[in-house]
Amino acid sequence: MGFDVHRFSGDVDEELVCPICSGVLEDPLQAPLCEHAFCRSCIHEWISRQPTCPVDRQAITSAQLRPVPRILRNLLSRLCISCDNSQYGCEAVLKLDSLPAHLEECEHNPKRPVPCEQGCGLIIPMDELKDHNCVKELRSLIHSQQQKMTDFQKEIADYKFQLNQQKREIHLLKDFMRAMRVHNPTMRALAEEMERDEVVRWSNSLTRARVTRWGGMISTPDDMLQAMIRRSLNESGCPTHIIDDLMDNCHERSWPSGLNSLETRQNNRRQYENYVCKRIPGKQAVVVLQCDNLHINEDMMAEPGLVMIFAHGIEES
């Protein structure tokens, strides 16, 4: 729909008027052959009912429409027009191409967003300010946020359900693989390879750690401390088939010969620096996995790895 010709200063050339709405062309397009120009919205609506040029009736489709020449656009942009908000007191007369920017800032625009000064601070259209009720609007806002929270919680519940289903399917697959590998050497090798890959992926997801105080190692952790570390391993995505072994290896009675006594640990302290340690998330503990420490001697490593718990002295490297 074009601009009302009465809003313009002086006469408007008829070449700048839309033959459909009789207003000054707005966002114009032209037919490819006859070159008649129309407002974009006007010609699209016309063609949807009758695929012909409104002036000479030549066949035309929306895909054939083209932008008008630059000279026509320049003529339109130089026309002077009154502001849309003249009925609300705006006396501005400006070039047509400056109108959109002016409307965004026009202080007479009844839809201009302004902050409520009664206390709620909400941004509302200026023409709604006189009927604005802070309490009502805030209640509506709270209700809307509560509904969003409910929807979000439902999405989380659905996601958890899907995740649990996937975990169940993975566990079933693992159980199947374990059952198969008892009787089938090929399946046994495949299952073992899958389990090794799973450990490597988990290790890669952990943060590299550096132990600054090896003397703070807790070699005989109590049951409560072990339970806390087990829970952290599980939450970090540790493969279930190695959790029990890792927890057994967090006690000095299961450590390899190079670590199984205070004396040997003291003698081998220089070798600790060669360990590739991964931080157990949120805890003063590290996991030293065999897959990360193939360079370590057998007397300093256990399968599938060691869990070392410290009183202090763990930092990310």
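## Close-up views of a predicted model

**View 1. Asn109, a buried loop residue.** In this predicted model, Asn109 is buried, with a relative accessible area of 17%. Look for Asn109 in the loop that runs between helix H3 (99-105) and strand E6 (113-115). A polar atom of the Asn109 side chain sits 3.5 Å from the backbone oxygen of Leu103. Leaving out residues up to four places away in sequence, Asn109 touches Asn85, Leu103 and Met126.

**View 2. The largest nonpolar core.** This core has 25 residues, and the ones touching the most other members are Phe3, Phe8, Cys18, Leu25, Leu76 and Leu96. As a bit of background, nonpolar side chains tend to be buried together in soluble globular proteins.

**View 3. Zooming in on Cys18.** Set aside the neighbours within four places in sequence, and Cys18 is in contact with Gly23, Leu25, Phe38, Cys39 and Cys42.

**View 4. Helices H6 and H7 side by side.** The axes of H6 (residues 223-235) and helix H7 (residues 240-248) come within 11 Å and cross at roughly 150°. That angle is over 145 degrees, so H6 and H7 count as roughly antiparallel to each other. The crossing is right-handed. On the H6 side, the contact is made by Gln226, Ile229, Arg230, Leu233 and Asn234, and on the H7 side by Ile243, Asp244 and Met247.

**View 5. Gln226 in helix H6.** Here's one of the H6 residues from that helix contact. Gln226 is buried, with a relative accessible area of 17%. Not counting residues up to four places away in sequence, Gln226 touches Pro221, Met247, Cys250 and His251.

View 6. Most residues other than glycine have a negative phi, and most peptide bonds are trans. Asp27, in the segment before strand E1 (28-30), has a positive phi near 50°. Asp27 is partly exposed, with a relative accessible area of 45%. Glu35, found in the loop between E1 and E2, also has a positive phi, near 65°. Glu35 is exposed, at 52% relative accessible area. Finally, the peptide bond from Glu303 to Pro304 is cis, with omega near 0°. Pro304 lies in the loop between strand E11 (285-289) and strand E12 (305-310).

Terms used: Residues numbered from 1 in each chain as written. Predicted model: local features only at pLDDT ≥ 70, side-chain atom pairs only at ≥ 80, totals over all residues. Heavy atoms only, no water. Helix = DSSP H or I, 4+ residues; strand = E, 2+ residues; numbered from the N terminus. Buried < 20%, exposed > 50% of the residue type's maximum accessible area, 1.4 Å probe, protein only. Contact = heavy atoms within 4.5 Å. Polar contact = N/O pair within 3.5 Å; in protein donor to acceptor, adjacent residues only side chain to side chain. Core = buried A, V, L, I, M, F, W, Y, C linked by side-chain atoms within 4.5 Å. Axes fitted to C-alpha atoms, helices over the stretch in contact; angles between N-to-C directions. Parallel < 35°, antiparallel > 145°, perpendicular 65-115°, else oblique. Left-handed = near helix turned anticlockwise from the far one by under 90°.
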